[in-house]
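Trainee: I'm new to reading protein models. Could you walk me through one?

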Amino acid sequence: MMKLNAVLLVVFAFLLSCQIVEGCTCKTHCDIDNERKDANGVCCHTKVCCLPCTDTLECTSRNGKCQATCGENEIATDTACCNGLKCCEMPQCTNDKNCNCKTECDGTIEREDINGSCCDNSKCCKPCTDDKDCNCKTECDGTIEREDIDGSCCDNLKCCKPCADDTDCNCETKCDGVIKGEERAGSCCDNLKCCKPCTGVCGGNFTELIGSFSSTNYPCNYPINQDCFYSISVPVGYTITLTFTTFLLEVADFDFVDVYDGESVNDPLLLHQTGGPLDGTTAQSTANKMLVRFISDYGFDWPGFNANYIATITG
């Protein structure tokens with residue numbers, strides 16, 4: 001009898017040691033669709049303590065959440081989730097070596113790089129890389145500098161660079177058309193005009209492979225009663241391409257330019273040009289000589305023309 005009582009006491013003590021935690025169901029296997037195994041729960045007879053799934057407790061990663069599928073910038077961790085869900089979290093940032101992840105970039109010394117990679121909605125901030133001759137200012141001084149749209153400045157500042165005027169360009173509000181004319185290709189700040197001295201030459205002879213000439217007083221208006229001959233003669237075996245970079249004469253054949261395929265007005269006429277503007281007009285010789293004649297009548301004067309030529313060897 002005493003021996004039986006001892007056995008019962010051992011069994012009773014064992015049963016007392018099986019303290020089931022609250023909500024714990026002791027089962028042989030947990031249903032993974034809606035419950036999880038609790039390693040801290042106590043169940044007897046080799047059973048396991050099964051608790052209802054609580055995903056927020058299951059997914060214990062740094063910033064993970066249990067989801068059916070992970071988002072574009074998320075990765076699935078090894079942490080278990082119930083009901084076939086995945087524990088999804090943002091990966092560690094893989095930023096450029098000079099990228100500083102911050103809530104806001106310091107616009108004075110750094111800029112936001114939209115191609116940089118930062119987590120948690122932070123911004124990738126990189127140092128400003130301005131051009132070495134770029135002066136970053138709120139407003140550019142239009143008298144001596146211009147705004148460079150290709151330059152890089154922080155804090156919404158403008159990249160200001162010095163005006164790059166032609167060496168013989170005189171920047172003025174208005175050009176004196178008698179002794180100097182406006183040069184459209186010149187660069188001036190503050191809406192000023194690039195004024196260059198007028199050239200009073202009528203005609204000329206050109207033998208270099210590359211050259212240029214213009215109407216009398218260009219870029220000022222040409223005088224009246226002009227009859228100027230521009231003769232181009234290059235070595236045999238070359239042909240000549242003439243291009244009028246600017247062209248604006250009086251209309252209706254009062255003033256005109258004729259281009260001949262040879263050395264006299266008796267040679268074939270390549271081009272008869274009047275009026276304008278006709279910038280970009282070209283003429284091509286068949287041999288190594290070309291003659292350009294410019295005539296103006298007794299009436300009004302106009303800006304005239306500027307022409308470039310180049311000789312190329314024939315095949």
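This is a predicted model: local features need pLDDT of at least 70, side-chain atom pairs count only at pLDDT 80 or more; totals for chains, interfaces and linings use all residues.

Trainee: Okay, what is the strand order in the open sheet of 5 strands?

Mentor: Terms come before the case. Strands are DSSP runs (E, at least two residues), numbered from the N terminus, and two of them pair if DSSP finds at least two bridges between them. Here the order is β16-β18-β23-β20-β21, with mixed pairing.

Trainee: Which strands stand at the edges?

Mentor: β16 (204–206) and β21 (269–273) do; each has a single partner strand, so one side of each has no neighbour in the sheet. From one strand to the next, the twist averages 10 degrees. Such angles run from 0 to 180 degrees between N-to-C directions, using axes fitted as lines to C-alpha atoms.

Trainee: How many bridges link β18 and β23?

Mentor: There are 7, in the antiparallel sense. Cys 228 has Phe 294 as its bridge partner in β23, and Ile 232 has Met 290. On β20's side, 5 bridges join that strand to β23, again antiparallel, with Phe 256 opposite Ile 295.

Trainee: Why is β23 largely enclosed by the rest of the structure?

Mentor: First, "buried" means under 20% relative accessible area, "exposed" over 50%, and "partly exposed" in between (1.4 Å probe, protein chains only). β23 is largely enclosed because 5 of its 7 residues are buried.

Trainee: Which residues touch the most other members of the largest nonpolar core?

Mentor: The general idea is that in soluble globular proteins, nonpolar side chains tend to be buried together. A nonpolar core is a set of buried Ala, Val, Leu, Ile, Met, Phe, Trp, Tyr and Cys residues joined through side-chain atoms within 4.5 Å. Of the 23 residues in the largest one, Phe 213, Leu 242, Phe 244, Val 257, Val 259 and Phe 305 touch the most other members. Strands supplying at least two residues each include β19 (238–248) and β24 (304–313).

Trainee: Is Ser 214 buried or exposed?

Mentor: Ser 214 counts as buried, because its relative accessibility is 13%. Ser 214 sits in strand β17 (residues 210–214). Contact means heavy atoms within 4.5 Å; leaving aside neighbours within four places in sequence, Ser 214 is in contact with Thr 199, Val 201, Tyr 230, Phe 305 and Asn 306.

Technical notes:
Residues are numbered from 1 along each chain as its sequence is written. Side-chain values use heavy atoms; hydrogens and water are left out. Helices (H or I, at least four residues) and strands (E, at least two) are DSSP runs, numbered from the N terminus.
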